[in-house]
Amino acid sequence: MSSPDISSVSKASSSHVSPSNGSASELLEWGPALAAATHDAWTRVQDVIPEVEWPVHAPYVEAIRRWKERRNAVILAHNYQTPEIFHGVADLTGDSLALARLAAETDADVIVLCGVHFMAETAKLLNPEKTVLIPDARAGCSLADSITAADIRLLRERYPGVPVVTYVNTSAEVKAESDVCCTSSNAVQVVESLGVDRVLCLPDEYLAKWVATQTDVEIIAWKGHCEVHERFTPQELRDYRERFDDLVIIAHPECPPEVLDEADFVGSTSAMANYVGERTPRNVVMVTECSMSDNVAALHPEVNFVRPCNLCPHMKRITLPKILESLIRLDGAVEVDEAVAVRARRAVERMLDVPVSSKPSVGALVS
Ligand code: SF4
């Protein structure tokens, strides 16, 4: 497919650039040169972004690419970012675990984390000497907000000697009180790597309950929930099944247990994407944040994605204009107090040291 029609959309593009926006002078007018420069990105998103929108995104895509070079910056984007970010400007993409590993390996001077605040903090923990930017510092997470460092200290008093495994969706202060971190990709491996009978698995109650179904280790959970995944209901999934005979339901373990019971496969966002890539089901519903389906659909036009649209309002705070501003002004630099960082880093590094295995926490078929 060629680039979007230039004459019909140039007005929309230029009117989007506000003179009060500090990045306005960095933006090229939509036209043949800009269409050619961004054609590679357009070909990746053309099935999931309306044609009329591309001339609005393209000036930012091109400007961000130029500023990345000037800053020797790398852009890391979570699977829940919108397609114009995920396929348009990101250098590295993935779930929380993948982003943590990639952040640890980059030799860029500046890391722009297109995700939420705890992800940028994790990148900073692993790269204390680098500049780590989050384009909107208000991008939080209901799970990270559900528990404090003081809560962990109280739990340790109540369960003396029981190791604390915390999801990476937590603040640096909470990580600092923990023995080791985990993500939905490696939670079972991390729990079992401790070689004990009982662990505190915090703060996501539903992830903890799902881990408990995958291991003999006794799991003590907390009451934190993801505000996006807890909204799914078993009834809506049953309704989808009625409408599509051969529907495959793949769900994220942050969903409530009764929702996971309706799924054919449970796994992290990366495991879900791999599942679609390897099995290419005719009809699939990804029971997770809405943009994930767009990003995977862009790679698999042969698969029909049924899309319940539960958006994460925190992830959606990150936009192309904010990424550009962040790169130009070096705004939103994340800092972690060094006394906290030393202990939090240890918990993250212990997680990264747990070998990747084929155990089912990477993704499990539901029988
Ligand atoms: S989707 Fe849920 S867990 Fe992920 S950042 Fe948003 S609120 Fe947090």
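A residue is termed buried if 20 or more other C-beta atoms, placed from the backbone, lie within 10 Å of its own, exposed if 12 or fewer do, and partly exposed in between. This is a predicted model, in which local features need pLDDT of at least 70 and side-chain atom pairs count only at pLDDT 80 or more, while totals for chains, interfaces and linings use all residues. Numbering starts from 1 along each chain as its sequence is written.

**View 1. Helix α11, residues 205–212.** Helices (H or I, at least four residues) and strands (E, at least two) are DSSP runs, numbered from the N terminus. Glu-205, Tyr-206, Leu-207, Ala-208, Trp-210 and Val-211 of α11 are buried. Because six of its eight residues are buried, α11 is largely enclosed by the rest of the structure.

**View 2. The cover over the buried residues of α11.** Contact requires C-beta atoms, placed from the backbone, within 7 Å. The covering elements include the strands β5 (164–167), β7 (198–202), β8 (218–221) and β10 (265–266), together with the helices α10 (187–193) and α13 (257–260).

**View 3. The residues around the ligand.** A residue is near a molecule if its C-beta atom, placed from the backbone, lies within 6 Å of it. Among the residues around the ligand are Cys-141, Cys-226, Glu-227, Glu-289, Cys-312 and His-314. The shell divides into seven nonpolar, three polar and two charged residues, with Cys counted as nonpolar and Glu as charged.

**Setting of the views.** The protein chain has 17 helices and 13 strands. Of its 367 residues, 50% count as buried.

Notes
Two residues are in contact if their C-beta atoms, placed from the backbone, lie within 7 Å.
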